[in-house]
Amino acid sequence: MKILILGAGAIGGYVGGRLHQSGADVTFLVRAGRNESLQRDGLVIRSTKGDVTQKVKTVTSGSEGGPYDVVLLTCKAYDLDSAMDAIVPAVGANTTIVPLLNGMRHLEALDARFGADKVVGGLARVGVAMDGQGHILHTSPFAVISFGERDGKPARKALTDLDVAIKASGIDGGLNANIVQDLWDKWIMLCTLAATCCLMRGSSGDVLEADEGLAIVLETVEEGRQVGAAAGHDPGEKGLKTIRSFLTVKGSKFTASMLHDLEKGNMVEADHIVGDMIARAKKAGIATPNLRMAYAHLQVYLAKRARKLAP
C-alpha cells in the first residue's frame, strides 16, 4: 500500500515517521524548504515512545509517485483549500482520502471536491509539536489515530490495510466503526476547550480556578452536546462523562493548541472549530451564549492580526 502524507509537521511527521519506521511505504508531500531540511537532516522524532532519526521519501508535487492508495491529510483547517489543490494529482480512481482534521466542515469540502466515496472519517489524538529545528516533539504518553467509513458499511481494503500498518507502527487506534460519533465527541470537547482557554487565556486548570469557571465549562459542553444531538450524534452519558473528565481536572495543564497559536500571533482555526459549531446551532435554533462570546473574542483577534499583517 502506497501512503501519501500531506506535510511533515507535528501530526503528519509523527504518524508518517512511525509508519515509515515500521516498514510502510510512506511518501511526504512537502514544500521546498521542508524538503531541503528533511533531505539534509532526516525526519527527527523525539518521543516518550522512543526517539528516531530517519531518511524518508519526499515529493514537492502531488504529481510525483502517484496515484496513491491512501492520502492522509494533516493540515490545519485554514489551509484546506490549498491542501486539496496539492493532492489532486495524487488522487487516482481507487485512492482513499483520510483527513485528520478537527470538526466536521472539512468533510463537506472534501466531498464536494473529490466525491464522498473517496473520503472517510479520521481523527488524531496525539500530543505533538514541532520545534524551531523541524524536530517532532511527542511528549504525551499516548498517540492514537482512528479512521473508518462514515456510512457504517464494512471497511474498504485501503482502510483494513491501513489498520494493519497503524498497529504495526506502535500507534494506537486504527479502524473505528463509529468514527462519525467519535468525531463529534472530540469536536464538542475541543470546541469547549478552545473557547474557554482562548477567552480566559489559560489552561483548563486555570479556567477552573475562576469562581464560575466550572459552571462555564459545563455550560459550554452542553451547548455543543445540543448541537451534536440535533445532528443525530448526541454523545450520551458515557461520552459526556469522558468529555467532562478531560475538562474538569483541578490543576490540569491541558491547554488548547489554539491558545498557543493565538499567543504566538499565528492563524487560528476559530471558524472551523468554534464558528461552525455556532452556525449549526443557529440552524437548529439552539442558543450558544458562551460559544458566541468566545467566537467574538477570536474574531476580534483575527481582525487585529489581519490589520497588522496588511501591507
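Mentor: In this predicted model, helix α2 spans residues 32-41, and its buried residues are R34, N35, S37 and L38. These four lie on the same side of α2, because the arc they cover around the axis is only 165°. In general, an α-helix has 3.6 residues a turn, so residues three or four places apart point the same way. On the face of α2 turned away from the buried side are the exposed residues A32, G33, E36 and R40. The buried residues of α2 pack against four strands: β3 (43-47), β5, β8 (121-130) and β9 (136-148). After α2 comes G42, with a positive phi near 80°.

β5 belongs to an open sheet of 5 strands, paired in parallel in the order β5-β2-β1-β6-β7. β5 (57-59) and β7 (91-99) are the edge strands, each pairing on one side only. On average, neighbouring strands of this sheet are turned by 30° against each other, direction ignored. Within the sheet, β1 (residues 2-6) and β2 (residues 25-29) are joined in the parallel sense over 5 bridges, and I3 has V26 in β2 as its bridge partner. Helix α4 (residues 105-114) packs on the sheet, where it touches β6 and β7, and its direction makes about 175° with that of β7. Another helix, α3 (residues 80-87), lies across β1, β2, β6 (68-73) and β7, and runs at about 165° to β6.

The nonpolar packing comes next. The largest nonpolar core has 63 residues, and L73, I87, V274 and M277 have the most contacts inside it. Helix α6 (residues 179-200) supplies the largest share of this core, 14 residues. Leaving aside neighbours within four places in sequence, L73 is in contact with L6, L80, A83, I87, I97, V98, P99, L100, L101 and L110.

As for the C-terminal part, UniProt lists residues 178-300 as "domain: Ketopantoate reductase C-terminal", in an unreviewed entry. That span is 75% helix and 0% strand, and its end C-alpha atoms lie 37 Å apart.

Terms used: Residues numbered from 1 in each chain as written. Predicted model: local features only at pLDDT ≥ 70, side-chain atom pairs only at ≥ 80, totals over all residues. Heavy atoms only, no water. UniProt positions renumbered as here; feature names shortened; annotations may be inferred. Helix = DSSP H or I, 4+ residues; strand = E, 2+ residues; numbered from the N terminus. Pairing = 2+ DSSP bridges. Axes fitted to C-alpha atoms, helices over the stretch in contact; angles between N-to-C directions. Contact = heavy atoms within 4.5 Å. Buried < 20%, exposed > 50% of the residue type's maximum accessible area, 1.4 Å probe, protein only. Arc of directions from axis to C-beta. Core = buried A, V, L, I, M, F, W, Y, C linked by side-chain atoms within 4.5 Å.
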